[in-house]
Amino acid sequence: MSDSKQYSTFYLNGLFFGVEVLKVQEVIRYQEMTRVPLAPRMIEGLINLRGQIVTAIDLRRRLELPPRAEGQLPMNVVVRTDDGAVSLLVDEIGDVLEIQEDTYERPPETLNGVARELIQGVYKLKERLLLILDTEKTVGLSTAATCAQEIAN
Amino acid sequence: MIDEIVKEFLVESHENLDRLDRDLVALEKDPHAKETLASIFRTIHTIKGASGFLAFGKLEAVAHVAENLLSKLRDGIVAFTPEMASALLATVDAVRFMLGQIEATGQPGDRDFSGLIGLLSRLNEGIHASAPAAMTPALPAAALSPCGAPVGAPEPATATTSSPAPTPSGLFPTAQMPAPPPPPHEAAAAGPNETAETRAAAVTDSTIRVDVGLLDKLMNLVGELVLARNQVLQFTSQSADSAFLATSQRLNLITTELQGSVMKTRMQPIGNVWNKLPRVVRDLAAACGKEVRIEMEGQETELDKTIIEAIKDPLTHIVRNSVDHGIERPETRAERGKPAEGCLKMRAYHEGGQVNIEITDDGGGVDYELVKQKAIQRGMITAEQAARMSDHETLHLIFLPGFSTAEKVTNVSGRGVGMDVVKTNIEKIGGTVDLQSRMGEGTTLKIKIPLTLAIIPALIVTSGGDRFAIPQVSLLELVRLEGEQARRQIEFIHGAPVYRLRGQLLPLAYLNRELKIQGKSESDTAAVNIVVLQADGHPFGLVVDEINDTEEIVVKPLGKQLKGVASFAGATIMGDGRVALILDVLGLAQRANVVTEVRDRTLSEKAVQAHKTTNTRQTLLLFEAGQGSRMAIPLSMVARLEEFTPSSVEHAGAQEVVRYRGQILPLIRVSKHVPVVCDTAIEKQELMQVVVYSEQGRSVGLIVGRINDIVDETVTVKRHACGNGIFGSVVIQDKVTDLLDVQAVIRAADPSFYANIPANKAAA
């Protein structure tokens with residue numbers, strides 16, 4: 001049979017995302033964060049993860065999605081990157097899914113803007129699409145928008 | 001892959017080679033130092049033995065010939081000449097090259113050293129090399145090409161003007177060696193040889209080699225322990241359990257000691273870095289045709305290993321600069337009445353929680369005019385700015401990227417990438433660099449670096465509801481101003497807030513404004529907390545909402561996403577587990593614009609100075625007497641600037657006065673005594689701007705319309721006026737400005753002011 005991969009999934013603004021399970025260090029509930037003044041807006045703050053200081057990126061802002069509803073607390077998906085752990089703030093955590101590679105496709109042409117850069121590909125599942133996120137690019141923060149932000153600061 | 005034994009061989013050999021460098025340079029200065037000679041012999045002998053054992057044939061061959069030569073030197077059969085020194089140093093370089101090859105490929109490599117071997121053999125026989133070109137294949141060309149000459153030219157690196165011509169006889173050397181004839185000398189040499197070796201063995205037993213990675217890990221763990229200890233201490237403040245308090249106190253003491261000891265393991269003497277410098281200086285001086293000696297003081301001063309790594313390159317660059325550009329050629333030095341040999345002094349010492357490193361040369365100093373010209377040429381400053389620059393500011397041009405006054409770019413220095421990289425590297429580790437120079441006499445470079453990076457004492461402050469940590473090394477003092485005092489004592493010069501601290505004007509920055517966060521509401525009666533910090537040697541005040549306490553914090557770096565944020569140097573975890581950001585004092589100061597040179601200069605030239613009448617440059621206070629009438633007086637005449645509400649003005653007879661510092665201050669409305677366009681604006685002001693002038697213990701307040709600025713200007717009076725309280729007019733900032741004759745105005749307003757002062761003292 002064809003190969004399959006495992007993905008850790010989560011929900012964001014009604015969209016269903018996945019990240020390779022090997023890249024995920026842990027998934028934890030909302031943590032109190034210390035904000036960083038003057039930082040790019042998508043950096044929500046810093047969290048204390050068992051003595052490690054981890055940067056938390058608000059994925060909604062990163063993907064230019066509308067802000068979270070009032071009172072809704074995000075969950076943390078802590079991913080491993082080249083420079084250490086980074087936490088991605090998401091709405092809700094999904095299950096770990098094992099998915100056949102043959103349903104994998106390039107991202108649709110209709111996807112534009114930031115999402116196009118950060119989404120590696122799409123799996124067509126029975127009821128919905130699973131968007132696979134490129135973690136390195138996500139935490140890299142280098143898009144035109146962030147550059148403009150830096151200059152404005 | 002290379003195995004453990006080879007790795008050890010490489011590490012030891014590199015250390016040995018460093019020692020050889022030092023010893024050979026020392027031997028050159030004192031060719032009769034027997035102990036040095038013996039040490040050199042032993043080292044080469046060790047290298048030869050080890051390379052033989054490990055079957056590195058080429059390496060062994062080179063070491064063998066060198067050993068032969070050294071044996072003859074040690075036994076006094078041949079005399080030590082500068083040529084030999086160079087040949088031996090070339091041997092050291094050859095060995096280094098081969099070690100590099102072994103590290104990369106496992107074998108000494110293919111380079112042909114037969115020229116070097118031949119040279120050493122000839123020297124062995126007492127025959128002096130006639131073909132210096134034979135040496136160049138063995139030398140790494142890049143390091144030794146002479147200044148100004150094209151790279152790779154076969155000029156001998158030993159062509160110093162000072163060395164005596166080598167004597168061409170093999171017999172002469174024996175006469176030079178000290179009295180003892182060979183046989184007893186050999187026996188005697190064997191004796192100290194042994195005891196020296198046993199001594200060396202005893203020293204090595206008490207030390208142990210440790211992998212740096214392991215030390216780093218140890219340091220991290222201690223850092224975590226410190227954090228955990230801080231958290232435990234937090235709980236003790238809430239607990240009454242005496243057993244718990246006692247245990248946590250012990251934990252506290254042990255952690256502190258452990259932290260101190262682990263930090264010590266990482267400390268190395270700065271001599272380790274400096275030890276390479278004598279060789280560098282020797283080679284460079286030779287290549288440039290100069291004579292330079294290097295003196296070192298404070299080699300035992302200890303620094304954290306990471307800091308040593310960071311300053312290695314900058315220090316080397318600075319030293320090269322001094323030899324290449326600073327110290328003059330012997331002829332020039334003679335003309336200037338200096339000894340032909342230039343002196344480079346390195347000094348290191350601990351002071352105030354920092355390590356200070358000073359590098360002084362007695363060369364020609366910085367040519368200020370040349371620097372300015374180069375800067376103008378490169379478009380860094382305008383001719384106008386250059387004319388107004390002080391010497392100190394000119395020196396700082398050297399630290400700008402792309403700057404270099406070297407006429408020719410040589411391999412040594414002068415590529416224009418040097419000093420700014422030096423400054424950046426040092427600032428990266430939290431240090432500062434300062435340059436001082438005296439034309440014709442020399443230049444001094446001062447570097448200050450914090451003792452350690454990992455665990456530092458810090459002051460915790462609060463602003464906008466968030467806590468921030470300020471490294472104590474930047475902290476000068478704390479000032480608290482209560483309500484009304486705060487409002488009055490924070491003055492504004494051209495819109496910028498300043499506070500007068502014991503006579504010095506301190507520029508202020510508000511932390512919540514700099515970070516663009518909501519500060520606590522600034523009500524009139526709120527107290528103001530000022531943290532007096534220093535950045536780059538300039539003090540400034542940081543206004544925060546609250547000052548908490550001082551704590552030892554563990555510095556953790558910020559992720560790469562946040563590296564660009566200028567005002568933060570890192571983050572730490574507080575005792576209660578929450579994260580706090582550590583402020584980067586220098587970055588913050590630069591963003592807040594409180595340390596630009598111009599501002600610092602004008603604000604620091606304060607207090608009553610002697611009139612610089614012979615000097616045409618003056619510091620002037622610019623103000624308006626009435627609307628549109630721009631005036632100026634020398635800042636040296638200003639005792640202070642005050643604001644009063646019109647309601648506080650009282651009358652003593654016909655004279656307007658105000659109560660001020662427990663005394664009665666007479667007031668003079670300037671607009672009444674000089675021709676102004678219209679002064680109704682003053683009447684409408686809520687606060688009167690008053691310039692307080694003092695002489696001989698008596699003060700008077702001059703009411704002006706508006707204080708504009710303080711400038712440093714070359715004053716050439718354009719139009720003279722007599723009387724009317726004006727000296728004349730000048731053009732300042734492109735506008736016509738009248739120079740106020742303060743004394744004339746005072747005399748006109750209040751003749752009694754000068755009545756009690758004897759006439760000769762009231763002179764202008």
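**Entry 1: two helices of chain B**

I began with helix 3 (residues 57–75) of chain B and helix 5 (residues 114–124) of chain B, which pack at an angle of about 15° with their axes 9 Å apart. Helices here are DSSP runs of H or I with at least four residues, strands are runs of E with at least two, and both are numbered from the N terminus. Axes are lines fitted to C-alpha atoms, for helices over the stretch in contact, and angles run from 0 to 180 degrees between N-to-C directions. That angle makes helix 3 of chain B roughly parallel to helix 5 of chain B. The term covers angles under 35 degrees; over 145 is roughly antiparallel, 65 to 115 roughly perpendicular, and the rest oblique.

I noted that the crossing of these helices of chain B is left-handed, meaning that the near helix is turned anticlockwise from the far one by less than a right angle; clockwise would be right-handed.

I then listed residues in the contact. Helix 3 of chain B brings, among others, B:Val62, B:Val65 and B:Leu69, while helix 5 of chain B brings residues including B:Ile117 and B:Leu120. Two residues are in contact if their C-beta atoms, placed from the backbone, lie within 7 Å. I sorted the residues of this contact into 9 nonpolar, 3 polar and 1 charged. Ala, Val, Leu, Ile, Met, Phe, Trp, Tyr, Cys and Pro count as nonpolar, Asp, Glu, Lys and Arg as charged, and the others, Gly among them, as polar.

**Entry 2: the model itself**

This is a predicted model, in which local features need pLDDT of at least 70 and side-chain atom pairs count only at pLDDT 80 or more, while totals for chains, interfaces and linings use all residues. Residues are numbered from 1 along each chain as its sequence is written, and chains are lettered from A and ligands numbered from 1 in the order in which they are written.

I looked up pLDDT, the predictor's confidence in each residue, from 0 to 100. Chain B averages 75, and 77% of its residues score at least 70. Residues 129–204 of chain B stay under 50, and the model has 92 contacts for them beyond four places in sequence. Residues 597–615 of chain B are also below 50, with 23 contacts beyond near neighbours in sequence. For the complex, the predictor gives an ipTM of 0.87 and a pTM of 0.54.

**Entry 3: where the chains meet**

I found 20 residues of chain A in contact with 21 residues of chain B. Strand 4 (43–49), strand 5 (52–58) and strand 7 (84–90) of chain A each supply at least two residues of the chain A side. Strand 4 of chain A gives the largest share, 4 residues. The chain A side divides into 11 nonpolar, 5 polar and 4 charged residues.

**Entry 4: a sheet in each chain**

In chain A I traced an open sheet of 6 strands, in the order 8-1-2-11-10-9, with mixed pairing. Strands pair if DSSP finds at least two bridges between them. Strand 1 (residues 4–12) and strand 2 (residues 15–20) of chain A pair antiparallel over 6 bridges. A:Tyr11 has A:Phe16 as its bridge partner. In their hairpin, with 2 residues between the strands, A:Asn13 takes a positive phi near 55°.

In chain B I traced an open sheet of 6 strands in the order 21-25-26-24-23-22, again mixed. Its twist averages 40° from one strand to the next. Strand 21 and strand 25 (residues 688–695) of chain B run antiparallel and are joined by 5 bridges.
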